[in-house]
Amino acid sequence: MMAWTAHRLPIVVPPLPGEALDSWVACYSARLRVSTREFLASLGLPGSRPTRMVTELTAEEEHALATATGLGSTQLVAMTLKSYDGLAITISSEQQRRLKRPPSWRRTGARSRYCPRCLESTAGRWPLEWRLPWVYTCQHHHCLLLEACLGRGNPPLAHGPSYRGPATPGLCSHPVPVVAPGGRTLSRCRHRLADGAAVTAELSPTGPILSAQQHLRELLHAGLSAPEPAGIALREIHALAWRSLKGLGTVLDRAPTAVHDVLRDHGGTPRAFTDLKLPERADQIAVGTAIAVIAHDRNDRASGEVFDWILAAVRAQFTSDGQQQGHRIDRWRPAGERLTARVIASLNSTMNFHQQLRFGSAMPRPRWPAHSADPARHRAAMIPALMWPSWTMRLLPTELTDQTLPHAFRAACSTLLLVPGTRLAFAHAGQLLGHSAPRRDRRMLDRLVQPAALTALASTLAQLAHALDAQGSPIDYARRRRLLTLEALRIDRRAYERLFREHGWKPGPGRERHMRAYLLHHLGVATGDRPVDSSIKYVTSTAGSSSRCLRGCAAFCRIRPWPTSPTIASVNPCSGSRPATGSRTCAGLAWSQTMSIAPASGASSPPTGPRRERQPCSALPRNMCGSSPI
C-alpha cells in the first residue's frame, strides 16, 4: 500500500486474493453507496468502463486508481487479464481492449463462469480466473462452474456498469429487454446467482477432472513468468482434448479404462459437438481436458493407450473421406512441432516407405516437411550422385545375387536423401542429382530391399539427411557435377604412355575411357544412368563370403586397380575445379576427404599367379570399408 495522501479515499476496500478488477470496483462503489459510473467519475475517469478496465488498464486509469486507493501498479495489473494475453486469452490490437477468440476453446468476452457457493461466501466477489477458458471447476467446493444464469438462461456478465445507483454484487447484470410506457428499453436480469448451488455437479476431490484442473492452474501460473513453454503445453492439451471429445462419439466402445474413469468422475458422457463450433461448455471442456492431460503426460502409465485411442478416433473420422496421410497430420500442426512429431511416430506403422522417409516417422524425432524445395536443393549440393561407398556397405542387403544392382542402389539412395523433410517426389529429387531415369533406380531398390527392411532404411536415410542439414558437407557436389564432365578432363599423354610402357600394358581408347569414367565415379559426379564400363573387372573372390561388407565390396573393388599416380589425370584448369582435401565430423562419423585417382590399394603392378585369397574386412582399403573419400 502507498502512503496516505490528500487524494486518497477515506474508506479502504482491499481486494481479495485473485479478485478481478471490475469486481473490486463494483464492491468499492457499493461500499461508498454510489454507482460505478459515479465512482470512476470521481476519480477523474468519466469515460472508463469496468468491463474494459478488467481487460487492460490505460496509464491514466492505472495512475488514478493507484492515487485514490493506495494500491500499487503491480497489484492493479495483476487484477486484469493483461498477464494472460496470448496464453489463455487474446486481446484485440485493432479494437481497443476487446477480447478476440482465445488460443484455445471459446471467446469469453465479458462473460464469466461462476461458482454459486463462492459468490455466497464472498458476498458476490468474482475471481479473475473464472474468465479464463481453461478454468472450469471450483477447487474449494469440488464442483463444475456454471455457465448461465438460472433465471433467464443467459451467460452472466461478471459486472456490468451501474448508472442508477449502487451495484449489488452477486446479482446477474445481463441486459434484458423490457417494455416500458415510453417504448422498448433494456434492464438488468438481477437474478441471485448464488441460488444455483443446488444444480452444481459434484466431483471427486481425487478424481481425474480436478487433478487435470490443478495441472492447468500450475501451467497458467508458470506461464505468467515463462509464457512460451506453458503456451506450447496448453496448445498440445487443447489439440488432444477436442479430438478426445470427438472420439467419445465415434470409438467410445474401444476407449481404454482411463477414459471410462473420467466419464464416471463426470457422471456421464458430455453433449457432443460439431466441427462448426468448438466445445464451450464447462462439462465438455472438463472431460476432454482430463483425457488430454492423461495422454499428454508421458509419465502416466495410461498415456500411451489413451494417446493411441485419440489417434484411432481421428482415423475413424476421416476413413470414409479418403483423406491422405499428409492431410491428416497437417491438422495437428497448430499444436506445435513436439506433439506433431509424436503423432507422426505413432502413425509410422500405417505409412508406406516414401511417407516414412518424408516425415522421418521412424526417427527418434520426426519432422514436418518444408513447403519449399530449398532444403532439397541445398542438400543436393552436399551429396554425390551415387551414395558414398562406405554408407552403401552399411545399407546393402546381406543377400546380393546380382552384382550389377548396387550401382542403381547407390543412385536410388542418393536420390532418397533429398526426400526427408521435403515434399519432393522421387523423380523430381533424382533430377536435382542429374539422374535421367530415377524411376528405374527405384525399381532396382525394390528388387534389392525386402519390404520388412524398408523401415530401417527409411530411418537411416532420414537421420543422415537431417545430419547433413545440421552439420553440412565440406564438398560442393553440385559444383562438381556442373564443372566436371568427360570433356572437362584431360589426360597427360606422356605420363599415360610412360605408365603403360612400364607395366607392359597395351594402350587404347577403351582404357582411356575407363580412366575418365572411373575418375568421375571416384569424385562423386558420376550419375546412375550408366555404371563404369562393364569391361573393367571387379573383385569376384568375395562372392561366397559371409561378410556383408565383403559382399558389397564386389561391386566397387577391382582386381587390377590403377596405381596411385597424381600425374595421370588432372582437371582442366579452365573448369575452375580441383580435387579437394579436408576432414569433417558429421553425426559422430569421421569423413576423410583425400581425393586420389585410384583406390588406395597399395599395389603398383597387376597381380599375377593364382587367385587372391579373401581379405578380412580390416585388411580392405579404408575407402572401401570404414569411411569414404567421396
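User: Which helices each supply at least two residues of the lining of the largest cavity?

Analyst: This is a predicted model, in which local features need pLDDT of at least 70 and side-chain atom pairs count only at pLDDT 80 or more, while totals for chains, interfaces and linings use all residues. Residues are numbered from 1 along each chain as its sequence is written, and side-chain values use heavy atoms, with hydrogens and water left out. A cavity is a set of points on a 1 Å grid over the protein atoms alone where a 1.4 Å probe fits but cannot get out, and its lining residues have an atom within 4 Å of a point. The lining of the largest cavity consists of L311, V314, R315, Q325, R328, I329, W332, V343 and L347, and the helices that each supply at least two of its residues are α11 (303–318) and α12 (325–330).

User: How many nonpolar residues does the lining of the largest pocket have?

Analyst: A pocket, unlike a cavity, is an open set of points with protein on both sides within 12 Å along at least five of seven lines, and the largest pocket has a volume of about 690 Å³. Its lining holds 30 residues, of which P17, G18, P127, L128 and E129 lie nearest the centre of the pocket. Ala, Val, Leu, Ile, Met, Phe, Trp, Tyr, Cys and Pro count as nonpolar, Asp, Glu, Lys and Arg as charged, and the others, Gly among them, as polar. By these classes, the lining of the largest pocket has four charged and 10 polar residues, and the nonpolar ones come to 16.

User: Which element gives the largest share of the lining of the largest pocket?

Analyst: Helices (H or I, at least four residues) and strands (E, at least two) are DSSP runs, numbered from the N terminus, and the chain has 24 helices and 10 strands. At least two lining residues of the largest pocket come from each of α5 (73–78), α6 (116–121), β3 (137–138) and α7 (208–223). The largest share, three residues, comes from α7.

User: Why is helix α1 described as largely enclosed by the rest of the structure?

Analyst: Buried means under 20% relative accessible area, exposed over 50%, and partly exposed in between, for a 1.4 Å probe and protein chains only. What covers the buried residues of α1 includes α2 (36–42), α3 (50–53), α4 (59–69) and α5. The buried residues of α1 are L21, D22, S23, W24, V25, A26, C27, Y28 and S29. Helix α1 is largely enclosed because its buried residues number nine of the 12.

User: Leaving aside its neighbours within four places in sequence, which residues is V25 in contact with?

Analyst: V25 is found in helix α1, and at 1% relative accessibility it counts as buried. Contact means heavy atoms within 4.5 Å. With neighbours within four places in sequence left aside, the residues in contact with V25 are F39 and L40.

User: How many residues apart are E147 and R113, which form a salt bridge?

Analyst: A salt bridge is a side-chain nitrogen of Lys or Arg within 4 Å of a carboxyl oxygen of Asp or Glu, and in the pair of E147 and R113 the closest N and O atoms are 2.7 Å apart. E147 counts as partly exposed at 24% relative accessibility, whereas R113 is buried at 0%. The pair links distant parts of the chain, with E147 in the loop between β4 (143–144) and β5 (175–180) and R113 in the loop between β2 (99–100) and α6, and the two residues are 34 residues apart.

User: Which residues are linked in a network of salt bridges?

Analyst: The structure holds 16 salt bridges, and one of them joins R192 to D195, with the closest N and O atoms 2.7 Å apart. R192 is partly exposed, with a relative accessible area of 37%, and D195 is likewise partly exposed, at 43%. Both belong to a network of salt bridges, whose linked residues are E120, R192 and D195.

Methods: Points joined across faces, edges and corners; volume = space filled by probe spheres on them.
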